[in-house]
Amino acid sequence: MNHPLACRRTARLTATAPAPSIVRLRPWSYLVALILTASFCSCTQPKHDRLRFTHVFDALAGPQHALNVEWVNNRVAAFRKLAPQIGVDLEQCKWDAIDTKCMADFRSGIAHDVVMSSPQLLAKHNLVGDLIDLQPLLNWKREEESEFSWNPMWQTCRLDGKLLGMPMGAHTRVCVYNKEMFRQVGLDPEQPPRTLQELVDYARKLTRDLDGDGKTDVWGLGVYFGPSRATFEISFSPLLWHFGGKAWDEETKQATFACEAGVKAVEFLRDLIYKYKVTPRWALSGTYDDVILRSFLNEKIAIGWGWGSYWIQALEDAGWIDGCSPPTTEARTLRAGIFLTPTSTHSQFVNSWTLSVHTLTAWPDISGQFIQVLLEPNDLLKSPDAGLPSQLSVWQRPEFQTPFFQVWFEAIKTGRPMPPTGHFEELAQSVSTALQEIMVKNTPATTTLQKFQQDYNNRYAGE
Amino acid sequence: MPKRSYSNTAMVRSLRGSEPIAYAFLAPTLLLIAFFLISPMLSGLFMSFNKTSLSGLTRFVGLRNYQFLLSEERFLSNLQLSLLYVVCNLGISLPLAYVSASLLTRKMRGTVFFRSIFLLPWIVAPVVSSLLFRSMVDPAFGPLGMLLEKITGQQHVMLAEPFWAMATIIFHSIWRSLPFMTLFLAAGMAMIPREFYEAAKVDGAGPWKQFCTLTLPLTKIHLLIVLLTITLWTLQDAETVYALTEGGPGYSTEVMALRLFKESFINFDLNRGATLGILLLLVGLAFMISYARITAKEQD
């Protein structure tokens with residue numbers, strides 16, 4: 001028996017060929033074709049009356065995200081008032097992808113106008129050449145510049161005589177502590193530790209087994225050691241600087257993190273877990289937010305090392321501080337207190353988002369004007385991503401004279417930026433990986449650091 | 001209607017004259033394939049022979065990128081981990097997929113329901129499922145972490161220990177691959193006539209014998225496709241590994257695909273990324289050829 005399909009095929013072969021009929025399209029298919037053609041044309045046509053602002057976007061940041069979006073929209077509206085003939089298109093990007101996107105797009109000939117960038121990566125941007133010098137666009141007087149130049153991050157923005165980014169604010173880190181836990185173990189909550197030794201002593205007292213099951217319930221000190229660049233920036237670098245070392249040498253353009261100070265820093269960190277047993281092993285995995293922010297708010301750690309200024313809002317939301325976000329003259333600490341990381345001065349890591357102009361922009365002057373609108377100090381205070389003020393005059397306002405904000409001010413003033421290497425991420429990755437190997441596999445600190453330093457220098461020394 | 005039939009030779013003869021037209025019709029497709037499939041591969045190959053500085057200067061370096069990687073301890077570890085990832089994923093999920101496929105092809109109550117929910121792990125976005133797994137192995141409140149603690153009597157920070165971190169990645173991959181493998185193999189098994197099994201039973205063949213002599217040979221083509229697909233997916237999997245461990249602790253879970261991602265999109269070294277891509281392609285090809293050979297040999 002013939003298969004029905006086979007019969008149909010034979011019938012098609014044997015039948016006389018019918019006259020070719022025109023394919024009939026349904027009305028909606030014309031509409032689809034029209035929309036597709038129109039959208040294709042609009043994609044290929046450069047929009048000469050619209051400025052593009054590429055900014056970071058973190059939809060998972062909860063209320064902070066909403067505030068950031070509100071700030072962007074407000075600033076765009078303010079700019080439209082100044083230049084009603086120019087529209088602004090917003091391009092969103094993840095915080096750790098925005099710089100690479102900017103560079104890759106530059107190589108591919110895709111233009112942006114104003115972009116947010118990371119100061120740690122400005123040296124890489126400088127080598128790639130995707131950002132232009134802002135000095136001629138801003139045309140500032142010396143007094144205007146001194147408003148920003150007090151911030152140690154200012155040096156990071158200036159490379160080879162060019163100003164590649166304008167800091168939106170300042171982000172720095174301090175130590176946060178739980179005052180209630182201090183009281184419970186007989187420590188004075190108004191006297192936080194001032195040296196590394198005191199920090200360890202306090203942390204030992206604060207590390208406790210609350211239910212008597214032989215397991216630690218509260219860890220004295222939370223320090224992040226996870227597989228990300230935060231380990232290098234927040235945990236390792238302050239200690240490296242404290243012991244007198246540096247991760248990268250500007251003159252020889254070589255990594256130097258395996259120096260004596262680097263070894264001391266790693267040994268101090270390792271001792272926190274294995275010798276003093278004040279830091280949990282789970283600090284080796286997860287994210288920086290998990291290990292420091294959430295663990296502190298969930299009372300799993302009593303002191304958190306590397307508490308960022310971007311988390312002031314979280315403390316306020318939890319009711320652990322009051323009147324600090326937004327800053328008021330009544331700002332006070334309740335359950336949580338903060339203190340400067342007890343390392344030597346100039347050992348805090350400082351950064352912030354910076355605003356830059358893309359090299360392929362067709363509108364450099366208008367981009368410069370837009371940056372000035374974005375930097376409006378009163379409105380910047382409403383953006384959590386911007387962080388603490390970067391303009392010195394803002395710090396002189398009464399709401400920033402409270403003890404809480406004076407600690408932050410001191411931390412910024414005495415802080416340090418990351419080394420200006422074009423291979424910063426590789427450097428941070430090398431150190432974080434070395435640190436994890438030492439912590440997890442218990443390999444000797446000196447040889448492991450040297451091995452990773454040599455690997456880095458083999459590839460990138462001299463840049 | 002009278003039936004007229006063409007003999008094969010007559011058909012071939014009549015088609016021979018229209019060969020140029022046939023090629024003309026094929027030309028757009030061939031051009032598209034050349035443009036979208038072959039040209040990126042050639043471009044990647046070309047990139048792997050070059051070195052571009054951050055300032056954009058490109059120079060030809062021959063095989064130096066390959067030499068660098070092949071002499072590097074880290075790359076050898078990346079390669080080993082990639083192979084381990086593929087072998088463990090397939091080694092565990094394939095037998096399980098056959099078992100679950102045989103259950104799904106039986107006429108039992110609830111089979112339709114199970115067939116639908118079986119696809120759930122496959123539908124969930126890999127990054128989302130990775131985050132779910134990360135919370136499951138959390139040392140403080142993750143059920144898997146707590147279970148492991150109950151079994152071993154020690155608290156394990158699973159993602160901070162090289163063995164458990166890799167085990168988590170593999171387990172996650174098995175969880176994702178199993179539904180796809182099961183459904184594909186079940187489709188193959190459903191095509192085997194029941195009479196074959198009945199005849200085998202009459203001949204005294206037990207379940208294992210039936211599987212070896214009937215199920216396995218008759219689902220060979222499905223098995224080959226499943227093996228190829230899952231192997232290539234596993235080899236190219238950077239997103240779940242990144243979301244789970246970022247390659248840590250140290251480099252202990254950094255597979256080749258993740259290294260490629262890091263070099264290209266974090267370190268912005270597209271040449272080294274392209275070199276890794278070519279090497280990954282070669283590993284994939286090696287798997288493809290060996291699967292095809294094994295299947296062809298068994299068919300002979």
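How many residues of domain 1 of chain A are in contact with how many residues of domain 2 of chain A? The model is predicted: local features need pLDDT of at least 70, side-chain atom pairs count only at pLDDT 80 or more, and totals for chains, interfaces and linings use all residues. Residues are numbered from 1 along each chain as its sequence is written, chains are lettered from A in the order in which they are written, and side-chain values use heavy atoms, without hydrogens and water.

**View 1. The two domains of chain A.** Domain 1 comprises 51–167 + 353–386, and domain 2 comprises 173–349 + 418–460; such bounds come from an automatic or database domain assignment. Their C-alpha centres are 30 Å apart.

**View 2. The interface between the domains.** In chain A, 11 residues of domain 1 are in contact with 14 residues of domain 2, contact meaning heavy atoms within 4.5 Å. The two domains bury about 1100 Å² between them, with 55% of it on carbon and sulfur atoms. Buried area is the accessible area (1.4 Å probe) that two parts lose on being put together, summed over both. A:Gln64, A:Gln120 and A:Lys124 supply 45% of the area that domain 1 buries against domain 2, more than any other three residues.

**View 3. The salt bridge between the domains.** The count between domain 1 and domain 2 of chain A is 1 salt bridge, defined as a side-chain nitrogen of Lys or Arg within 4 Å of a carboxyl oxygen of Asp or Glu. A:Lys124 forms a salt bridge with A:Glu426, and their closest N and O atoms are 3.8 Å apart.
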